[in-house]
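Hi there,

Here is the structure I promised to send over. Have a look at it first, and then read on for what turned up.

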Amino acid sequence: MTNRSTNIDTVLASFEEHWSARILTQVNDYDVRLVKVEGTFVWHSHPDTDELFIVLHGTLDIHLREAGGESAVHLERHDVFVVPRGVEHCPESPKGASIMLLEPTGTLSTGDYADDVPGHITSSTGVRA
Ligand code: NI
């Protein structure tokens, strides 16, 4: 137990890197993560968990691959979307966005992606803010 609060704006102001999650806090076995994004991530899935996205600033498109083909969901400020476990997804934000994620502690940002990670992305389980 700590009596120290955390602040979303303070944490967002503390880093600049895109696609590099900061862990805002933890609740039970879950991280609340903050990520600044711009451009395109990589296609991946999380075989063991759903992934909750909340857009704080900007807009985010989440491309999805399912049995029926590809689709995309467009998210604006304060829109909330859950990518179900196992569903291939590729987040993209041409103009940039700040997002909050909720996912189990230890979840790798790039999930099951197995190729070389592009230089503009950090594949990580988050860095404590
Ligand atoms: Ni993901």
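Before the strands, a word on terms: two strands pair if DSSP finds at least two bridges between them, and helices (H or I, at least four residues) and strands (E, at least two) are DSSP runs numbered from the N terminus. This is a predicted model, in which local features need pLDDT of at least 70 and side-chain atom pairs count only at pLDDT 80 or more, while totals for chains, interfaces and linings use all residues. Residues are numbered from 1 along each chain as its sequence is written, and side-chain values use heavy atoms, with hydrogens and water left out.

Let me start with strand 1. Strand 1 and strand 8 (residues 127–128) are parallel partners, with two bridges between them. Arginine 22 takes part on both sides: it stands opposite leucine 34 in strand 2 and opposite valine 127 in strand 8. The hairpin of strand 1 and strand 2 has two residues between the strands, and asparagine 28 there takes a positive phi near 50°.

Next, the metal. Donors are N, O and S atoms within 2.8 Å of the metal (3.2 Å for Na, K and Ca), and since water is not among the atoms, sites may look incomplete. The nickel ion is held at 2.1 Å by His44 (NE2), His46 (NE2), Glu51 (OE) and His89 (NE2). Along the chain, these donors follow the spacing H-x1-H-x4-E-x37-H. Histidine 46 and glutamate 51 are both buried (under 20% relative accessible area, with exposed meaning over 50% and partly exposed in between; 1.4 Å probe, protein chains only).

Now the interior. A nonpolar core is a set of buried Ala, Val, Leu, Ile, Met, Phe, Trp, Tyr and Cys residues joined through side-chain atoms within 4.5 Å. The largest one has 19 residues, and Val37, Phe53, Leu60, Ile62, Leu75 and Ile99 have the most contacts inside it. Two or more residues come from each of strand 2, strand 3, strand 4 (60–66), strand 5 (69–75) and strand 7 (88–104). A second, separate core of eight residues includes Leu12, Phe15, Val32 and Leu34.

Finally, isoleucine 54, in strand 3 (residues 51–58), is partly exposed because its relative accessible area is 21%.

Best wishes
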